[in-house]
Amino acid sequence: PVSGAQWAAEVRALAEERNAVILAHNYQLPEIQDVAHHVGDSLYLSRIAATAPESTIVFCGVHFMAETAKILSPEKTVLIPDAAAGCSLADSLTADQLRAWKAENPGAVVVSYVNTTAEVKAETDICCTSSNAVDVVASIPADTPVLFGPDQFLGAHVRRVLQRDNIQVWGGECHVHAGINGAQLAATAEADPEADLYIHPECGCATSALYLATAGAVAPERIKILSTGDMVTAAKQSTSRSVLVATEIGMIHQLRRAAPGIDFRPVNDRASCSYMKMITPEKVLRSLRELRDEVVVDPQIAARARGAVERMIAIGN
Ligand code: 13P
Ligand code: SF4
């Protein structure tokens, strides 16, 4: 089996030889997070991809993330250890569907989650991630209608925070986050009444958590709706003894690293993204040895998508 100290040393040595920077999303396997030069959420990794001095990026994440890196840095070689690592949420809105939606809503500003294909980004005014979705929509004049896609739960979160009803939301969802349900959340929250709840806004159960708070079942200050990067920031500042985490289970590794004194537990321990887990230690090594799989974005599509992605990395913390 490929892993362990020898594997890590070989990966780092090859990265240096190739002038490559290794980026890993918070949902990657622990050993891949540990070998990467940078680990974080999709906004943080996009910003690193835009500014990294290395000539090659090895993106340990899913395909839309590597595509976003290529759009931001077209002169760099962008590799993903397995190009088949997709995203069910990105698949839920096609460029044709977005064009039709825009045609029905002339004058609306299109905000697309970064979990979309390059073709969808090319039809978009501003992209966002879960950590800056609220700031991105808030940057659009309050009387301008907004089309927000593809994630219905992130869209509902933005509408709720901004109390703005001129945001139309596409009906897509991430199967991993949609699978963390309100009943599981209520049961784990009731079993540990002291624990904070960190909930990713792609979860349908974010709404359930707010109902629980309204019903008095959970103290409202325990509920924190956060992107994966913001979960790490919150953990570092937290004085809680335990935290229940509603997102993909890879997140737990980075949280434990950030705050070893806190007991982090997943709300659903089967919430694993099979696309993220297609990136294995073997494939990371193969990627650096054989310079594969190279991510290619049609230059015309990339040119049309770049403005939306650049606006995304300029907004929010
Ligand atoms: P963030 O990296 O913005 O937290 O998003 C999570 C996600 O689902 C990426 O696929
Ligand atoms: Fe896509 Fe969901 Fe996997 Fe994230 S966790 S990559 S949104 S399928």
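**Exercise 1.** The axes of α3 and helix α4 (residues 63–72) come within 8 Å and cross at roughly 35°. Find the hand of this crossing, list the residues that meet, and sort them by class.

*Solution.* The model is predicted: local features need pLDDT of at least 70, side-chain atom pairs pLDDT 80 or more, while totals for chains, interfaces and linings use all residues. Residues are numbered from 1 along each chain as its sequence is written, with chains lettered from A and ligands numbered from 1 in the order in which they are written.

Step 1: the hand. α3 and α4 cross right-handed (near helix turned clockwise from the far one by less than a right angle; anticlockwise is left-handed). Axes are lines fitted to C-alpha atoms, for helices over the stretch in contact, with angles from 0 to 180 degrees between N-to-C directions.

Step 2: the residues. From α3 come S42, L45, S46, A49 and A50; they meet M65, T68, A69 and L72 of α4. Contact means C-beta atoms, placed from the backbone, within 7 Å. Helices (H or I, at least four residues) and strands (E, at least two) are DSSP runs, numbered from the N terminus.

Step 3: the classes. Six residues of this contact are nonpolar, three are polar and none is charged. Asp, Glu, Lys and Arg count as charged, Ala, Val, Leu, Ile, Met, Phe, Trp, Tyr, Cys and Pro as nonpolar, and the others, Gly among them, as polar.

**Exercise 2.** Describe how α1 and α14 pack, and name the residues involved.

*Solution.* Step 1: the geometry. Helix α1 spans residues 4–17 and helix α14 spans residues 281–290. Their axes lie 9 Å apart, at an angle of about 25°. α1 and α14 are therefore roughly parallel (under 35 degrees; over 145 is roughly antiparallel, 65 to 115 roughly perpendicular, the rest oblique).

Step 1: the hand. The crossing of α1 and α14 is left-handed.

Step 2: the residues. α1 contributes W7, E10, V11, L14 and A15. Facing them in α14 are P281, V284, L285, L288 and R289. Eight of the contact residues are nonpolar, two are charged and none is polar.

**Exercise 3.** Which domains make up the protein, and which elements does domain 1 turn towards domain 3?

*Solution.* Step 1: the division gives domain 1 (4–87 + 276–307), domain 2 (90–173) and domain 3 (180–266). These bounds come from an automatic or database domain assignment.

Step 1: the C-alpha centres of domain 1 and domain 3 are 29 Å apart. Domain 1 gives twelve residues to the contact, domain 3 gives eight.

Step 2: on the domain 1 side, α2 (30–35), β2 (38–40) and α3 (42–51) each supply two or more residues. That side holds seven nonpolar residues, four polar and one charged.

**Exercise 4.** Locate the cis peptide bond of P150, the cis peptide bond of D293 and the positive phi of N19.

*Solution.* Step 1: G149 and P150 are joined by a cis bond, with omega about -10°. P150 sits in the loop between β7 (146–149) and α8 (152–162).

Step 1: R292 and D293 are also joined in cis, with omega about -10°. D293 is in the loop between α14 and α15 (299–314).

Step 2: N19 is not a glycine, yet its phi is about 55°. N19 falls in the loop between α1 and β1 (20–25).

Definitions and conventions
Two residues are in contact if their C-beta atoms, placed from the backbone, lie within 7 Å.
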